[in-house]
Number of protein chains: 2
Amino acid sequence: MTKKIYEGYTYIDGGVCAASGFLANGVNCGLNPDKNKNDLGMVYSKEVCNAAAVYTLNKVKGAPILVTKEHLKNSNGKAQAVVVNSKNANTCNADGIDKAEAISKLAADCLGIDVNLVINASTGVIGQVLPIEPFEGAMKGLVDGLSEEGNGKAANAIMTTDTVQKEVAVEFVIDGITCHLGGMAKGSGMIHPNMATTLNFVTSDVAISTAMIQKALSEIVKITYNCLSIDGDTSTNDMVSVMANGLAGNKIISEENEAYEIFKQALYIVMENMTMMLASDGEGASKMLECTVSSAPDRDTAIIVAKSVIRSPLFKCAMFGEDANWGRILCAIGYAEADFDIEKVDVDLKSDKGVIAVCRAGAGVPFSEEKAAEILSADEIYIMIELNQGDSVAKAWGCDLTYDYVKINGDYRS
Amino acid sequence: MTKKIYEGYTYIDGGVCAASGFLANGVNCGLNPDKNKNDLGMVYSKEVCNAAAVYTLNKVKGAPILVTKEHLKNSNGKAQAVVVNSKNANTCNADGIDKAEAISKLAADCLGIDVNLVINASTGVIGQVLPIEPFEGAMKGLVDGLSEEGNGKAANAIMTTDTVQKEVAVEFVIDGITCHLGGMAKGSGMIHPNMATTLNFVTSDVAISTAMIQKALSEIVKITYNCLSIDGDTSTNDMVSVMANGLAGNKIISEENEAYEIFKQALYIVMENMTMMLASDGEGASKMLECTVSSAPDRDTAIIVAKSVIRSPLFKCAMFGEDANWGRILCAIGYAEADFDIEKVDVDLKSDKGVIAVCRAGAGVPFSEEKAAEILSADEIYIMIELNQGDSVAKAWGCDLTYDYVKINGDYRS
């Protein structure tokens, strides 16, 4: 995936361990029969962090979501560790809350911290009872193996149908001090706005209050993860958490000053990259799709239109077929639930192989099918929509709909 | 497809020609290079009909939709003929309205009727200029060939990616007089609520006012076509029209009396059957899915929940894989945008091979995977959801998501 360049921010390695004071690890605890695949991960900060999170809007909420919410409430927005498993979502089980609490307690005891400082998450099949024994057997080893190079093992532990590990981190400067912000994500299917992901964990060494983390997170999630749609299914277990331990040593950010803007932009960059990684690795995806809606009357309209296009199965199939069937784009713009004039709309298709105009003022324009096919043969396709009725902009991300999506989801549980 | 039994109504042959005084025909006018496939159809009533229609809510509206609306307005709800083509949607073309008007005029002139009595419709690719010459060449032959047995030719003419012709008709009694109501439909992809179909034409010999037709149509479309989702894409060209010529000779229905209820039920039966036919023949479908939501606080909630399940790509893939992955059903119930308590929900899976309980009070219950697999091996699957918080009911229909859906839509234009 092509990373976008942002002035003042340098991409670095390390994922959730890129920021000072963060350790991570991942092991196979036995939930996944494939012993080469981790299924239990941990992120730990040497210092207590200010922390905030956003959660799925699905009425069915995984038990770990409910437990994590309670912990962050009890701790007044503090956290020190994440414990997360894949293969079983611990959702729709009568004993789900007890299990999530027990796992949190196991982690807290091994780490010697208060249970309310633990963020718990699970991803995998819904409605299968989660056995506690694998956690009991593996927790000590998981904690003992925590290291500053453990980010990859943790990123591996949260993968389900993901084909690649998803990590990104940036380095930047606040008040002359070098700071870091990084994260890991999992997600491939059951991805749709509110929250458009499954699990994302972000760490930073910036000193910032819980309230300002929550503010930045809520704003950035709206224009990144929540603008991602793989298949229109909103998961029951989605969560993004951000933990900041302050070890960079900057003056604590507690208002919307310049330092806050720098932090927020770092969060945007990491979350935009993870969003694009999730889109690129959408279940069965062969192409990443980015739809930019410009000159919209307001940002919400731009978001709604961009999401509508990204979500359209017919458009997604056309992209898989590398067919410049722009009528389907206009159709999806047309059923977007927002108020605008369809007869002013222009559409271009773009990739690293060129750009082509396919629609002007809501009607088709002649174009070279040959050139269109060449543009659409790329792995990353950019759909550029001008509404020509304002100056707001938004992006949405997704992927094509392929045979492999059906194959993966036609037989997921086994 | 299994037709449901309704007391007092008998299924008969004849489709749009089942009602007295209706003729139909279909020809290949040259839009479709396959000369064995009709692409231009007509339905004609010997007498002027009272008529009503409902249209797509997509902002992008096919030119024929706009022209038909205007005609029905100009004629005060009267119509005498439908002229419809497939292969080209006549949508998003600068000259679309002119073309739709010209086609209507050609039909009106050949039939010797006022142009405002013509309902025009088109279906096919969006954004390609529609040539008028094929219509000029074929219209006279189309009209000359109108017959009481022409319903099949007309039903063939409106097919696009449909694999079967879709016709249904019923006979029933109003005030001791035998009446008929029948219809034809096309639609396979780009189908999603508001309006969940593409083209549907219903004819009847019942005497009923335009206002009462519109009232019945609006009510029935809400609980039939608008509860159908193949792929979540709302077409630009959707239309259902109902024409009633009064030749049965009953006392004209102009209020909500017993005769109105009988007519409305006939309309429900025909439209429910066509909805199920559309679901069964969804692009690439191997199974028809019917989701019934009962004991809901109100009908709108029941509709929203039923549609949410039917629309879920993950659930649709699971049905293709014959996998009783009920967690995906609960997930889709959970993100339905309605107000209800998820912890009271029960779910059963049913087919002609049996029924099995998979979820009680929002949590999984143990079940035999073997029995579940047998139930899901059927061609028609019924998902029975009890919300247990009221007494309203609604159904929604759809199909599984298969390799063939992707194949069909990955390369539709060529």
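Let's start where the two chains meet: 53 residues of chain B are in contact with 53 residues of chain A. Keep in mind as you look around that this is a predicted model. How much area is buried between chain B and chain A? The figure comes to about 4,200 Å², and carbon and sulfur atoms give 58% of that.

Now for the polar side of the meeting. Between chain B and chain A, twelve residue pairs are in polar contact, counting pairs with both residues at pLDDT 80 or more. Salt bridges between chain B and chain A, on the other hand, number zero. If you want to find the side of chain B that touches chain A, look for the elements of chain B that give two or more residues to it: helix H8 (313-320), helix H9 (326-334), strand E13 (363-364) and helix H11 (403-410). And what sort of residues make up that side of chain B? They divide into 26 nonpolar, 16 polar and eleven charged.

Next, stay in chain B and pick out strand E10, which covers residues 288-296. Is this strand mostly covered or mostly open? It's mostly covered, with nine of its nine residues buried. Strand E10 of chain B has strand partners to follow, too. One of them is strand E14 (residues 380-386) of chain B, which pairs with E10(B) in the parallel sense over seven bridges. To see one such bridge, find B:Met288, whose partner in E14(B) is B:Glu380. Another partner is strand E15 (residues 392-399) of chain B, joined to E10(B) by seven bridges, but this time the strands run antiparallel. Here you can look at B:Thr292, which has B:Lys395 as its bridge partner in E15(B).

Where does A:Asn38 sit? Its place is in the loop between strand E2 (22-27) and strand E3 (40-55) of chain A. Even so, A:Asn38 counts as buried, because its relative accessibility is 13%, and the cut-off for buried is under 20%. What surrounds A:Asn38? Leaving aside neighbours within four places in sequence, A:Asn38 is in contact with A:Gly26, A:Val27, A:Asn28, A:Ser86, A:Lys153, A:Asn156 and A:Ala157. Two of these come up again when you check the polar atoms of the A:Asn38 side chain: one such atom lies 3.4 Å from the backbone oxygen of A:Gly26, and the backbone oxygen of A:Lys153 lies 3.0 Å from a polar atom of that side chain.

Key. Residues numbered from 1 in each chain as written. Chains lettered and ligands numbered in written order. Predicted model: local features only at pLDDT ≥ 70, side-chain atom pairs only at ≥ 80, totals over all residues. Heavy atoms only, no water. Contact = heavy atoms within 4.5 Å. Buried area = accessible area lost by both parts, 1.4 Å probe. Salt bridge = Lys/Arg side-chain N within 4 Å of Asp/Glu carboxyl O. Polar contact = N/O pair within 3.5 Å; in protein donor to acceptor, adjacent residues only side chain to side chain. Helix = DSSP H or I, 4+ residues; strand = E, 2+ residues; numbered from the N terminus. Nonpolar A, V, L, I, M, F, W, Y, C, P; charged D, E, K, R; others polar. Buried < 20%, exposed > 50% of the residue type's maximum accessible area, 1.4 Å probe, protein only. Pairing = 2+ DSSP bridges.
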